[in-house]
Protein chains: 2
Amino acid sequence: MSRSLVFHTKIFQMSQFPASLQRLIREFSALPSVGEKSATRLAYHLVAQNQQLALSLAQSLREAVERVRLCSRCFFLSEEDLCPVCRSSSRDSSVICVVEKPMDVIAIERVGEFRGVYHVLHGLLAPRRGVGIDDIRVRELLSRIDEGGVGEIILALGATVEGDATSYHLASLLSQRGIKATRLAQGMPKGGELEYTDEVTLSRAFSGRSIIGK
Amino acid sequence: MSRSLVFHTKIFQMSQFPASLQRLIREFSALPSVGEKSATRLAYHLVAQNQQLALSLAQSLREAVERVRLCSRCFFLSEEDLCPVCRSSSRDSSVICVVEKPMDVIAIERVGEFRGVYHVLHGLLAPRRGVGIDDIRVRELLSRIDEGGVGEIILALGATVEGDATSYHLASLLSQRGIKATRLAQGMPKGGELEYTDEVTLSRAFSGRSIIGK
């Protein structure tokens with residue numbers, strides 16, 4: 001056997017994989033934090049080793065996309081008009097915790113101490129990126145306040161430049177309405193994202209929260 | 001505001017997420033190397049931020065499960081009776097590279113130097129775990145050899161205990177048939193999985209391969 005017959009220059013990469021599998025790998029790669037190697041392993045596992053899970057996952061994806069919408073009051077994710085927190089009679093609707101995104105609600109609920117309700121902004125003010133007051137759910141927050149019965153707004157935004165700027169801007173709007181705004185204590189690590197904060201730190205940040213804007 | 005009204009003991013964990021989203025998170029968590037946090041991020045991204053990708057992924061999963069089968073000759077993944085390597089007229093079918101699993105074919109093709117064909121065992125001999133010669137595609141390999149025209153078998157199995165044991169066992173079966181068996185040079189890191197070997201090491205292991213069993 002001559003080695004030159006067997007070894008040759010590069011020709012294919014992943015083109016030996018069936019087209020349907022390649023498409024699956026490309027789509028997995030498009031997910032956040034999923035590289036090509038992980039995507040290949042996931043796709044291979046589902047197609048070759050666990051077809052039951054693959055079909056079940058396909059079904060779940062369709063159903064979730066079809067059913068999940070935003071809560072009409074707080075803009076958290078929900079299958080009903082109102083989310084479980086807004087529907088619950090045991091939550092104190094006079095205290096609204098304002099967060100950037102739905103995952104932040106889960107992070108706070110995981111601590112299990114907050115008994116008020118939420119308001120999900122779906123973003124932070126970022127003038128440089130062209131995100132203004134009308135691009136996030138600020139008007140809807142002010143409407144909730146104008147309906148009355150709100151005693152405190154907790155601004156639970158990340159300890160980032162945009163988080164701080166949004167907190168100050170909201171605090172000034174709330175101050176005009178005579179509403180007390182607090183923000184989380186700087187027990188949170190500087191520059192940290194709320195979603196990744198551990199439970200103890202998050203709990204301390206809640207109890208040490210301070211009045212802002214006034 | 002009394003803090004005791006707002007802060008309370010643990011009640012929910014992730015139960016505020018819609019049921020369909022929770023199911024999606026559970027299924028993502030069932031994938032290899034995907035923890036609950038990653039699963040939550042993936043599910044949230046697909047349902048709340050990229051529904052187009054979610055629906056497309058659901059479709060791709062179904063199609064891949066429906067279309068992908070094993071090549072009837074080498075047992076690699078294929079949408080046709082024969083995979084692209086087995087169908088190709090430019091590959092040298094007298095040299096068969098034996099691998100444990102389909103991902104290993106991709107790893108070798110990525111190097112781009114091997115011009116022979118493959119045989120995917122779909123496992124390694126592991127008597128302790130009850131995996132014997134009839135549980136992996138050994139008989140099918142011997143049948144291919146008995147059809148004639150095979151000059152060399154390259155045993156490209158991982159440098160693990162099970163990989164080595166399987167190589168020796170196959171080499172002995174091949175030696176009885178007068179077939180030259182080689183295995184990859186121990187340029188591969190000891191204990192390493194083939195799938196994760198870098199291209200240079202894998203290329204060196206190919207060129208430094210040595211005759212086994214005789």
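A polar contact is a pair of N or O atoms within 3.5 Å; within protein, one must be able to donate a hydrogen and the other to accept it, and residues adjacent in sequence count only if both atoms are side-chain atoms. In this predicted model, local features need pLDDT of at least 70, side-chain atom pairs count only at pLDDT 80 or more, and totals for chains, interfaces and linings use all residues. Residues are numbered from 1 along each chain as its sequence is written, while side-chain values use heavy atoms, with hydrogens and water left out.

Across the interface of chain B and chain A, 14 residue pairs are in polar contact (both at pLDDT 80 or more). There are also two salt bridges between these chains, a salt bridge being a side-chain nitrogen of Lys or Arg within 4 Å of a carboxyl oxygen of Asp or Glu. One of them joins the side chains of A:Arg23 and B:Glu63 (3.3 Å, N to O).

On the side of chain B that touches chain A, helix α4 (residues 51–67) of chain B supplies the largest share, 15 residues; helices are DSSP runs (H or I, at least four residues), numbered from the N terminus. Contact means heavy atoms within 4.5 Å.

| Item | Value |
|---|---|
| Contact residues from chain B | 80 residues |
| Contact residues from chain A | 80 residues |

Chain B can be laid on chain A by a turn of 180 degrees and a shift of 0.0 Å along the axis, with an RMSD of 0.1 Å, superposed by least squares on the C-alpha atoms of residues with pLDDT of at least 70 in both. The two copies are therefore related as by a two-fold rotation axis. The same surface serves both, as 100% of the contact residues of chain B recur in chain A.

Notes: Chains lettered and ligands numbered in written order. Helix = DSSP H or I, 4+ residues; strand = E, 2+ residues; numbered from the N terminus.
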